[in-house]
Every structure is written in C-alpha cells, then in structure tokens.
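Open the model in your viewer and keep the sequence panel beside it. This tour goes from one selection to the next.

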Amino acid sequence: MAENMAYAGAVPLVDMKNISIAFGGIRAVDDASVDLYPGEVVALLGHNGAGKSTLIKILSGAYRRDAGHIFVNGEEASISNPRDAKRYGIETIYQSLALADNVDAAANLFLGRELMTKWGTLDDAAMEAEARKVMGRLNPRFQRFKDPVIKLSGGQRQSVAIARAILFNARILIMDEPTAALGPQETAQVGELVKQLKAEGIGIFLISHDIHDVFDLADRVCVMKNGQVVGTARTTDVTQDEVLGMIILGKCPPGAVPGPGALKIAA
Ligand SMILES: Nc1ncnc2c1ncn2[C@@H]1O[C@H](COP(=O)(O)OP(=O)(O)O)[C@@H](O)[C@H]1O
Ligand SMILES: [Mg+2]
C-alpha cells in the first residue's frame with residue numbers, strides 16, 4: 001500500500017516536535033508532537049478546546065510557539081508568520097473559506113496575485129484558463145466559472161478554496177473542520193477532493209471534533225485532549241470506539257502510540 005511506502009525510510013513532509021504554547025495561564029498546547037507524510041491524511045481529533053486549532057495555527061504561522069521545533073522535508077523550518085508558512089508550501093483552509101463572494105472562481109483563485117498582460121491590464125483569459133485547469137483536476141464536474149462564488153453550493157465553494165490553496169504549489173494542506181457546515185452530499189464531495197489531493201502527494205491535516213466525519217478519509221488519527229496528544233494510530237490499527245475512548249477518556253488502545261496526554265492507569 002502507498003501508506004506503507006510513505007513510512008519506509010521516507011522523510012516526513014512535516015514533523016512538529018514538542019510544541020507548546022500558553023495563553024495567559026492556560027497551556028493550550030502542551031508538548032505536542034505530530035508528523036505527516038506525502039500523500040497522507042492525518043486527522044487531528046479531540047473535543048472543542050483540546051488544542052487542535054492552536055497546534056495547527058502554529059504550523060500555519062498564525063501563532064508563535066513558546067517551545068518546540070518544526071521540520072519540513074527533514075529540515076528545521078523557521079515559521080513565525082503566515083508568509084513564512086506559505087514559503088514552505090503550507091496552506092490553510094479555514095472553516096470560513098475566506099472567499100470573495102461577489103466575484104467568480106477564477107478571480108478568487110488569483111485574488112491578490114492576479115495575472116497581468118504585458119500591457120499591465122488584468123489577464124482574465126489566462127486566469128480563467130488556469131482556473132479551468134486546476135478545477136478540472138480537482139472537481140471535473142465543476143462548470144460554474146461565470147458565477148459569483150456566493151451562488152455556488154457549499155461543496156463547490158470548498159473546491160474553489162482548495163484550488164486556490166494548491167494553485168501555488170502547496171504540498172501541505174491544513175483543513176480546519178472542513179465539513180462542519182456541509183450536508184452529507186457535500187461532505188462526500190469534500191471526501192473526493194481529499195482523495196484527489198492525496199493522489200497528487202499532498203499531505204493533509206484534517207481537523208475535526210467529530211470522528212465520523214474523518215475516520216474513513218484518514219490514514220492516521222492523532223487525538224488531543226487538554227492541549228496534549230493522547231496518542232497517534234493508523235486507522236487500520238484501531239476501531240472507531242477505541243478512538244472515541246481516546247477522545248473522551250484519554251485512554252490509549254494497544255494499536256496506538258501513546259503521547260504525553262495518555263491516561264496513566266495501573267493495569
Ligand atoms: N487566542 C487565544 N487566546 C486565549 N486562549 C486561546 C486562544 N486560542 C485558543 N485559546 C484556548 O486554547 C485552548 C485550545 O483551543 P483550540 O486550539 O481552539 O481548541 P480546538 O481547536 O481543539 O477546539 C482553549 O482552552 C482555548 O480557549
Ligand atoms: Mg478548533
């Protein structure tokens with residue numbers, strides 16, 4: 001399987017080691033470590049307030065860590081703002097999607113980095129052609145290139161946001177609660193997008209407080225509780241009930257590698 005190849009001596013795309021950050025007196029993330037391989041989906045799971053978004057905001061440069069190290073492709077990365085993260089090929093898709101509602105897909109893909117003609121005018125034809133190319137890869141059924149994105153369905157809007165992220169060569173994609181506001185059909189569509197990105201070798205952190213949304217898509221799960229990692233496991237090595245036990249009780253099953261937050265019990 002591709003997953004096994006990904007681990008055999010491969011260098012992780014991302015390796016976050018011993019990351020900590022506190023806000024006031026609260027340790028939002030406490031000595032957390034997680035890694036991600038090319039073509040892999042790692043689901044970050046845990047209750048609201050577990051520290052998932054904060055951990056991932058350290059990777060995306062939105063927050064500065066108090067301690068720990070981040071390696072990208074085996075080399076220590078210096079990430080202290082979102083621009084740094086983008087230079088390392090790290091892109092984040094927030095729940096809000098941050099699209100410009102009143103313009104079309106192509107305009108959204110090139111927002112702030114528009115293609116220009118040699119006469120210094122907007123090159124709408126080139127941008128639409130590029131948009132068709134990247135959308136064709138991600139979501140071949142997408143045809144609504146002339147509509148403002150506000151008219152699109154939730155799943156279509158999601159594909160525009162993802163296309164914008166990967167257009168500029170993201171290798172590492174962070175999706176924070178991507179299906180929280182979507183119905184079942186659109187959630188399935190996001191699943192298709194994730195599979196397509198995997199096939200292109202992109203690594204994805206998928207954040208969710210709901211295990212059912214992500215278990216089938218993930219190669220591994222990493223469960224957080226109270227800012228700490230309870231454990232990390234391949235989805236083939238644990239059951240959904242065991243992962244629920246990790247989320248709710250902090251109990252690490254035999255198929256998982258325990259983290260600092262694993263419940264310590266004497267037999
Ligand atoms: N900017 C911030 N200022 C103060 N506290 C924060 C901030 N961001 C997150 N926290 C706190 O950090 C903890 C982890 O939050 P968060 O990472 O959002 O959890 P999750 O994404 O798992 O729901 C919570 O206790 C939250 O209140
Ligand atoms: Mg969150």
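How far apart do the C-alpha centres of domain 1 and domain 2 lie? They lie 27 Å apart. Bear in mind that this is a predicted model.

**Stop 1: the two domains**

Colour the chain by domain. Domain 1 takes residues 2–89 together with 171–258. Domain 2 takes residues 107–168. Now select the contact between them. Domain 1 contributes eleven residues and domain 2 contributes ten residues.

Stay on the domain 1 side. Helix H7, residues 184–199, supplies the largest share of the side that touches domain 2, with six residues. By type, the residues of this side of domain 1 are eight nonpolar, two polar and one charged.

**Stop 2: Gln-185**

Select Gln-185, which sits in helix H7. Is Gln-185 buried or exposed? Gln-185 is exposed, because its count is 10 other C-beta atoms within 10 Å, and a residue with 12 or fewer counts as exposed. Next, draw a distance from Gln-185 to Tyr-63. The two C-alpha atoms are 34 Å apart in space, and the residues are 122 apart in sequence.

**Stop 3: the annotated span**

Select residues 14–251. UniProt lists this range as "domain: ABC transporter", in an unreviewed entry.

**Stop 4: the open sheet**

Show the four strands in the order S2-S1-S4-S5. They form an open sheet with antiparallel pairing. In general, strands of a sheet pair through backbone hydrogen bonds. Which strands are the edge strands? They are S2 (26–36) and S5 (75–76), each of which pairs on one side only.

Zoom in on strand S1, residues 14–23. S1 pairs with S2 over seven bridges, in the antiparallel sense. For one bridge, select Met-16, whose partner in S2 is Val-34.

**Stop 5: helix H2**

Now select helix H2, residues 52–59. H2 lies across S1, S2 and strand S4 (67–72). Its direction is at about 115° to S1.

Why is H2 described as largely enclosed by the rest of the structure? Eight of the eight residues of H2 are buried, so the helix is largely enclosed. A residue counts as buried when 20 or more other C-beta atoms lie within 10 Å of its own. Then step past the helix to Gly-61, which follows H2 and has a positive phi, near 85°.

**Stop 6: strand S7**

Move to strand S7, residues 172–176. Five of the five residues of S7 are buried, so this strand too is largely enclosed by the rest of the structure.

Finish with the partners of S7. Strand S6, residues 90–93, pairs with S7 in the parallel sense over four bridges. There, select Ile-93, whose bridge partner in S7 is Met-175. Strand S8, residues 203–208, also runs parallel to S7, and five bridges join them. Here, select Asp-176, which stands opposite Ile-207 in S8.

Key. Residues are numbered from 1 along each chain as its sequence is written. Chains are lettered from A and ligands numbered from 1 in the order in which they are written. This is a predicted model: local features need pLDDT of at least 70, side-chain atom pairs count only at pLDDT 80 or more; totals for chains, interfaces and linings use all residues. Domain bounds come from an automatic or database domain assignment. Two residues are in contact if their C-beta atoms, placed from the backbone, lie within 7 Å. Helices (H or I, at least four residues) and strands (E, at least two) are DSSP runs, numbered from the N terminus. Ala, Val, Leu, Ile, Met, Phe, Trp, Tyr, Cys and Pro count as nonpolar, Asp, Glu, Lys and Arg as charged, and the others, Gly among them, as polar. UniProt positions are given in the numbering used here, feature names are shortened, and annotations may be inferred rather than shown by experiment. Two strands pair if DSSP finds at least two bridges between them. Axes are lines fitted to C-alpha atoms, for helices over the stretch in contact, and angles run from 0 to 180 degrees between N-to-C directions.
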